[in-house]
Each structure stands twice: as structure tokens, then as C-alpha cells.
Amino acid sequence: MIEVDGADFGLAGTRLVFKLEFLQHAGSFKTRGAFNSVLSGDIPAAGVVAASGGNHGAAVAYAAMKTRHPATIFVPSVASPAKLEQIRGYGARLEIAGDRYNDALLASEKHAAESGAAAIHAYDQPATLAGQGTVAMEFEEQAHALDAVLVAVGGGGLIGGMAAWYAGRVPLIGVEPEEAPTLTRALEAGEPVDAPAGGIAADSLAPKRVGALMFPIAQRYVERTVLVTDDAIRDAQRALWRALRIVAEPGGAAALAALVSGAWKPRPGQTVGVLLCGANTAAVEFR
């Protein structure tokens, strides 16, 4: 955790508290849910299988390596080379399936049915949600007086788990790319619905729709969502590098993008928590 003066990010009068989830093993918060899922169930000889834009796959591969289970990870073609290298480095079998996360998910489900491998879902699974919820538990212990917390949203496992922990004690703001408004569309419709799945953060924040398990939690405890442009995400990446020498992937910088772009504006004097959720990228990708 790092607490800084918001003036460094064009937010004079605001204190920013960054939760550094990119420092987790495998480079993102996803390792929490992956370990909870692997350790909570009986893993067959066929091991585990997961579909991922990259970060969940790296986390499951890492958890499987540490618990000595075989792992097969399906990813779409948009997954970044940095994430593919990580998955292979942890000893998992890597399969490219289609262009978007949903293609990889369908391929992983077919593999699970044929092989008997245990499926570890990236966000729509109780053990995954519970694991991601430990982010909020830890953040509340570390930072006692946050006026709001900004969280990037993809499938919703992170914000759903955090919302379940906070239960309205701290306002949660979901941040989504304009080209992947999964939770925004769901809240408008009153249920999970298909949404576009594009943009610069398509390898981490662009599933077809949010999870069914997290949605009622989000309806009750997520204060609102805001949308940010790809340019705002790039600006946030550059701002993190310039001010703190932090390299964040696009999805990892999305929460900050809401602040630096003005898509969400804190009130004067507020202390705002910002989750930096992943850094599986190459520095040259945003410079």
C-alpha cells in the first residue's frame, strides 16, 4: 500500500491510497481466488483447467505449480505476450482458443467435460469470489478511513468479492472501459447481459458478461460504475510511471483512469482507495 498526495496526479486536496495487488505472486490479485479454488476442492488426476484473458491463467498456473497439479490454460488471441510467457513459465499447458475470453471459456468447458479436469472459473465461482474478497479485508485493515474505493471491473469477481466484504461500509466505484461496459450494461438491464468486449484492456476487462454470482452483490453494494476511454487508461499508465515508477497493465491502471480523466471526481479533502490490480505487461507497451 502507498499513500500519496493527489497533486501528483492532478488531484490537489485529495489523498490517494494505492493497493498494490500487482505485487502478488503471478502479478495480479487473481492469485487469491486461484489458490482458494485449488485448495478448496478435490483436484483429480487430470488437474485443473481455466479460461483466461491472461492474469487468471497465470494465477491458476502458479497455484497448480505450487500444489503440484497439472494445469491447462485456454486464452484468446488477444492475450498479451507477457501473460503467455508467464503461464508457460509456471509449467502449464497453454492453448489459444478464439479471439475473445468467451471463446477460451467454451474451449475450457469442453476440455473439462472430456478430461475430468477441475474447472477454475475466473470470476463466477464461490471460491474465486471469496478469495478476491480478501483484497477488501486486507485493504480495510491497512487503510481505516477511506471515503471511497475505485476498482476495475471485468467479469466482476474482484468487485463482487470486495463488495461482499465491505457490505456498504465504504462506497465502491466500478471502473470499466467504454468498449467493455459489462457491469454498467448489467445494472441498466437489471441482470447480466452481453456487452461489447473490446478496447485496450480486452485481455483483462472484457468478458462477454459479468458473473451471475456477483451480480446481486453488485446491485446491493456497488455505488455506481463509470466508463473510461482507452486514452484515459494510457494516461493513467503514464501517470503511474511518471509519479511512482510503477508499471501497470491497462486493466491494472483502469481504476486510476477514472480519477485522472475526471470520469469520477472526489469531493475536496477525501481519501480515495485505488486498486492497482495487475502489472503483467512490458513497460514499452505504454511509453
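Rings of Phe, Tyr and Trp, the last taken by its six-membered ring, are treated as a pair if their centres lie within 6.5 Å, and a pair with planes over 60 degrees apart counts as edge-to-face. The legends below describe close-up views of a predicted model.

**View 1. Aromatic pairing around Tyr62 and Tyr90.** A search of the whole structure finds four aromatic pairs. In one of them, the ring centres of Tyr62 and Tyr90 are 5.2 Å apart and the ring planes stand at 70°, so this pair is edge-to-face. The two residues come from distant parts of the chain, 28 residues apart, with Tyr62 in helix H2 (residues 55-67) and Tyr90 in the loop between helix H3 (81-89) and strand S5 (93-96). Tyr62 counts as buried at 9% relative accessibility, and Tyr90 also counts as buried, at 19%, because the cut-off for a buried residue is under 20% relative accessible area. Together with Phe35, Tyr62 and Tyr90 form one aromatic cluster.

View 2. Strand S3 (residues 48-51) is joined to S6 by two bridges, the two strands running parallel, and Val49 stands opposite Ala119 of S6.

**View 3. The open sheet of six strands.** This sheet has the strand order S1-S2-S10-S7-S8-S9 and mixed pairing. Its edges are formed by strand S1 (2-5) and strand S9 (222-228), each of which pairs on one side only. From one strand to the next, the twist averages 25°. Over four bridges, S1 and strand S2 (residues 15-20) pair in the antiparallel sense, and within this pairing Val4 has Leu16 in S2 as its bridge partner. Helix H7 (residues 182-189) lies across strand S8 (172-177) and S9, running at about 130° to S9.

**View 4. Nonpolar cores and the surroundings of Met162.** In soluble globular proteins, nonpolar side chains tend to be buried together. The largest nonpolar core of this model has 62 residues, and Phe18 and Met162 are those with the most contacts inside it. Helix H10 (residues 250-260) supplies the largest share of this core, namely seven residues. Apart from this core lies another, of 24 residues, among them Ile73, Leu84, Ile87 and Ile120. Leaving aside residues up to four places away in sequence, Met162 touches Gln132, Gly133, Val135, Ala136, Val149, Val151, Leu172 and Leu275.

**View 5. Helix H6 and the residue that follows it.** Helix H6 (residues 157-166) is mostly covered, with eight of its ten residues buried. The buried residues in H6 are Gly157, Leu158, Ile159, Gly160, Gly161, Met162, Ala163 and Tyr166. Just after H6, Ala167 takes a positive phi of about 50°, although Ala167 is not a glycine. Ala167 is placed in the loop between H6 and S8, and with a relative accessible area of 33% this residue is partly exposed.

View 6. Ala26 is found in the loop between S2 and helix H1 (30-40). The phi of Ala26 is near 70°, a positive value in a residue other than glycine. With a relative accessible area of 5%, Ala26 is buried.

**View 7. The crossing of helices H9 and H10.** The axes of helix H9 (residues 230-244) and H10 come within 7 Å and cross at roughly 95°, and that makes H9 roughly perpendicular to H10. On the H9 side, the contact is made by Ala232, Ile233, Ala236, Gln237 and Leu240, and on the H10 side by Pro250, Ala253, Ala254, Leu256, Ala257 and Val260.

Terms used:
Residues are numbered from 1 along each chain as its sequence is written. This is a predicted model: local features need pLDDT of at least 70, side-chain atom pairs count only at pLDDT 80 or more; totals for chains, interfaces and linings use all residues. Side-chain values use heavy atoms; hydrogens and water are left out. Rings of Phe, Tyr and Trp (its six-membered ring) pair if their centres lie within 6.5 Å; planes under 30 degrees apart count as stacked, over 60 as edge-to-face and the rest as tilted. Buried means under 20% relative accessible area, exposed over 50%, partly exposed in between (1.4 Å probe, protein chains only). A nonpolar core is a set of buried Ala, Val, Leu, Ile, Met, Phe, Trp, Tyr and Cys residues joined through side-chain atoms within 4.5 Å. Contact means heavy atoms within 4.5 Å. Two strands pair if DSSP finds at least two bridges between them. Axes are lines fitted to C-alpha atoms, for helices over the stretch in contact, and angles run from 0 to 180 degrees between N-to-C directions. Angles under 35 degrees count as roughly parallel, over 145 as roughly antiparallel, 65 to 115 as roughly perpendicular and the rest as oblique.
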